[in-house]
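Please keep the sequence and the model in view while reading.

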Amino acid sequence: KAGLRDRAIVLTLVLTGRRRAEVLGMKAGDIEVTGSQVFYRYRGKGGKAGRRELPPPAFEAIDRALAAWGKTLADMGPDEPLWPSKGERGLTAGSFYGRLQRYLVAAGLPRSGVHVFRHTAAKLRRDAGETVEDVSRFLDHSSLAVTSVYLRRLEGQEDRTWGKVAEAIGV
C-alpha cells in the first residue's frame, strides 16, 4: 500500500509540477470533485494560492492508494493528510525522500531530490510543445529567467548512458 501511495505522489508531482511541500502537504479537503472534473488547491511559495485541475491519472492513483489504506476522500476529514502513513500526521517529506532514494537505487539510477519531478514536469511540457511562457505560468514562476534555468539544465545534455540502456533492453 505504501508503494501505491508513493506512485500517486510521484504522478501528482510530475503531472501538476507543484513543489514538494505543496504536494506532500496536501489535505483531503484540498481535493474537490466537481462532476467529471477534479481540482486541487495548493499553497505555494511566497504565499501564492491556486486552484487547478488535477489530471485524471494522478486522481485515479490517489483514489487507488487511499483505497489500499482503507480510506476514501468522501470519508476523510478536510484536514486529514492526503498521504496516509502509520502515524496520524501522514507521510512526512523526510520519509518520502528516504523512500525515493531507495527506489532510485533499486532502479539503478543516481540519487536525486524530490525537486527533480518539478524539473521533469517543465521539460515534458516544453517537449509537448508548450512555450516557455506557458511553462513558466504552469509552474507559477516569478520570471521567465527561472523557467529558462530549469529548461537549460535539461535541454541539450549529452546522454552518456544511452548505450548501456539500449544494451540492457536488447536493442
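The text below treats the sheet, then the helix.

The model is predicted; local features need pLDDT of at least 70, side-chain atom pairs count only at pLDDT 80 or more, and totals for chains, interfaces and linings use all residues. Residues are numbered from 1 along each chain as its sequence is written, and side-chain values use heavy atoms, with hydrogens and water left out.

**Sheet**

Strands (E, at least two residues) and helices (H or I, at least four) are DSSP runs, numbered from the N terminus. Three strands make up an open sheet, ordered β1-β2-β3, with antiparallel pairing. Because β1 (31-34) and β3 (49-53) are at the edges with a single partner strand each, one side of each has no neighbour in the sheet. Two strands count as paired if DSSP finds at least two bridges between them.

| Strand pair | Sense | Bridges |
|---|---|---|
| β1 and β2 | antiparallel | four bridges |
| β2 (residues 37-43) and β3 | antiparallel | five bridges |

Valine 33 has valine 38 in β2 as its bridge partner, and arginine 41 has arginine 51 in β3. The hairpin of β1 and β2 has two residues between the strands, and glycine 35 there takes a positive phi near 65°.

**Helix α5**

The 12 residues of helix α5 (residues 116-127) should span 16 Å at 1.5 Å a residue, and the end C-alpha atoms are 16 Å apart, which agrees. The expected span is 1.5 Å times one less than the number of residues. Phe117, Arg118, His119, Ala121, Ala122 and Lys123 of α5 are buried, meaning under 20% relative accessible area (1.4 Å probe, protein chains only).

Key: Buried means under 20% relative accessible area, exposed over 50%, partly exposed in between (1.4 Å probe, protein chains only).
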